[in-house]
Amino acid sequence: MIIHVYLTHTQPAPWVQGLQAALPEHQVGLWADGADPADAAVVWGPSQAFLDAQPRLKVIFNTGAGVDAWLPLRWPEQAVLVRLEDAGMSVQMAEYVLHALVRHFRELDVYAQDQALARWAFRKPRLRSDFPVGVMGLGVLGEPVARALHAFDFPVNGWSRSPKKLDGVRCFSGQAQWGEFLAASRVLVNLLPLTPHTENILNRANLSQLQAGGYVINVARGGHLVDADLIDLLNSGHLAGATLDVFRQEPLPADHPFWQHPQITVTPHTSARTLRDATIAQIAAKVRLWCAGTPAAQLPGAIDRQRGY
Ligand code: NAP
Ligand code: GLV
């Protein structure tokens, strides 16, 4: 079988070598214009030109969890898109979210400012019970994040499309329980996929329903957040701050107001990175499952095109 590698934002050569070593019975190569038609592809940063040139693809392995970049493209009818499931990302996501939450809750950013002034000053201890955290999305990444927050004794709410039961997490689901979920939360962590249903979900109307002094941690996609609404709610005092890892335009333009806002912390889409070795091992295992007879649409992580994730 021929497997093409098409990766933007990274050096593809070590991926080709690693995949070839993990799948010696197949022919792995870097895609280039005019390449032979492949059966499978390993892709990040898909382009229409690549898809149009590869009409025989049966399985496409996305080297990340989010597949929103694929949704506007035309794919070969028979092709199944398979996303990355965890592969070392959930522990990174949990440590990032916990760090952002604890930094805000323990006012460590205020102590950093005090240090710059050589000022020794205590802040009044705050109560965890005043900082209920709502996790939007209880999937491969959201569930372990919710569990980690619970292990740190924060009150945790979770919201998903279908109903869930998680020890220590108050679970809400669907549109019917959305308002109740927001009203029960002060800190909001976004781990939803970006789909037509979730685009712009972090908007003025929804963020206004968080408890006063709210805090937003967006680690999913920039298209979930209405930038101007966040800034207005910070400036009005309803929100106390935000940690943002993802943006509508990446890299975040140098003149974007998020960079300079004193209540916003910006990181460059780094909360949970794709780890090459773990990702290659996961893709190789799925290729073997497929070759052993599992239909592509039943591979773990296969995307439902209707749902968009
Ligand atoms: P996942 O396993 O597909 O989980 C998605 C969760 O969102 C599920 O619980 C799903 O509900 C819920 N959901 C989807 N649409 C919904 C809707 N309309 N209303 C309510 N809940 C909805 O995805 P994942 O692997 O956890 O990843 C989540 C996202 O994280 C990715 O799509 C990506 O955008 C982002 N991400 C970011 C980084 C980064 O470095 N910043 C890294 C990796 C991933 P059900 O359980 O009912 O299906
Ligand atoms: C990164 O953002 C991913 O979707 O894996």
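1. Arg 248 has a relative accessibility of 44% and therefore counts as partly exposed. The model in which this value was computed is a predicted one. The partner of Arg 248 is Asp 227, and the two form a salt bridge whose closest N and O atoms are 4.0 Å apart. Asp 227 has a relative accessibility of 18% and so counts as buried, the cut-off for that class being under 20%. Asp 227 belongs to helix H8 (residues 227-236), whereas Arg 248 sits in the loop between strand S11 (239-244) and strand S12 (264-266), so the bridge ties together parts that are 21 residues apart in sequence.

2. Salt bridges also form a network. Glu 107, Arg 123 and Arg 126 are joined into one network by salt bridges that share partners. The count for the structure is twelve salt bridges. As a general point, side chains of opposite charge can pair when their charged atoms come close.

3. Asp 52 and Arg 74 make another salt bridge through their side chains, at 3.3 Å from N to O. Asp 52 is in helix H2 (residues 48-53) and Arg 74 is in the loop between S4 and S5, so this pair ties together parts that are 22 residues apart in sequence. Arg 74 is exposed, its relative accessible area being 55%. Asp 52, at 45% relative accessibility, counts as partly exposed.

4. A further salt bridge joins Glu 180 to Arg 170, with 3.7 Å between the closest N and O atoms. The two residues are ten residues apart and the pair links distant parts of the chain, Glu 180 being in helix H6 (residues 178-183) and Arg 170 in strand S8 (residues 169-173). Both ends count as partly exposed: Glu 180 has a relative accessibility of 45%, and Arg 170 has one of 46%.

5. The domain assignment divides the protein into domain 1 (2-87 + 274-298) and domain 2 (90-266). Nine residues from domain 1 and seven residues from domain 2 take part in the contact. The distance between the C-alpha centres of domain 1 and domain 2 is 32 Å.

6. Which residues of helix H9 are buried? They are Thr 279, Ile 280, Gln 282, Ile 283, Ala 284, Lys 286, Val 287 and Trp 290. Helix H9 itself has 16 residues (276-291), and from its first C-alpha to its last it reaches 22 Å, close to the 22 Å expected at 1.5 Å a residue. After H9 comes Gly 293, with a positive phi near 120 degrees.

7. A nonpolar patch on the surface is formed by Leu 108, Tyr 111, Trp 120 and Phe 122. Together these residues have about 560 Å² of accessible area. Where in the fold is Phe 122 found? Phe 122 is in the loop between helix H4 (108-116) and strand S6 (133-136). With a relative accessible area of 72%, Phe 122 is exposed, since that class takes values over 50%.

Technical notes. Residues numbered from 1 in each chain as written. Chains lettered and ligands numbered in written order. Predicted model: local features only at pLDDT ≥ 70, side-chain atom pairs only at ≥ 80, totals over all residues. Heavy atoms only, no water. Patch = residues over 30% accessible without salt bridge, like charges linked within 9 Å, V, L, I, M, F, W, Y side chains within 5 Å. Areas by Shrake-Rupley, 256 points an atom, 1.4 Å probe, with all protein chains shown as cover. Helix = DSSP H or I, 4+ residues; strand = E, 2+ residues; numbered from the N terminus. Buried < 20%, exposed > 50% of the residue type's maximum accessible area, 1.4 Å probe, protein only. Expected span 1.5 Å × (residues − 1). Domains from an automatic or database assignment. Contact = heavy atoms within 4.5 Å.
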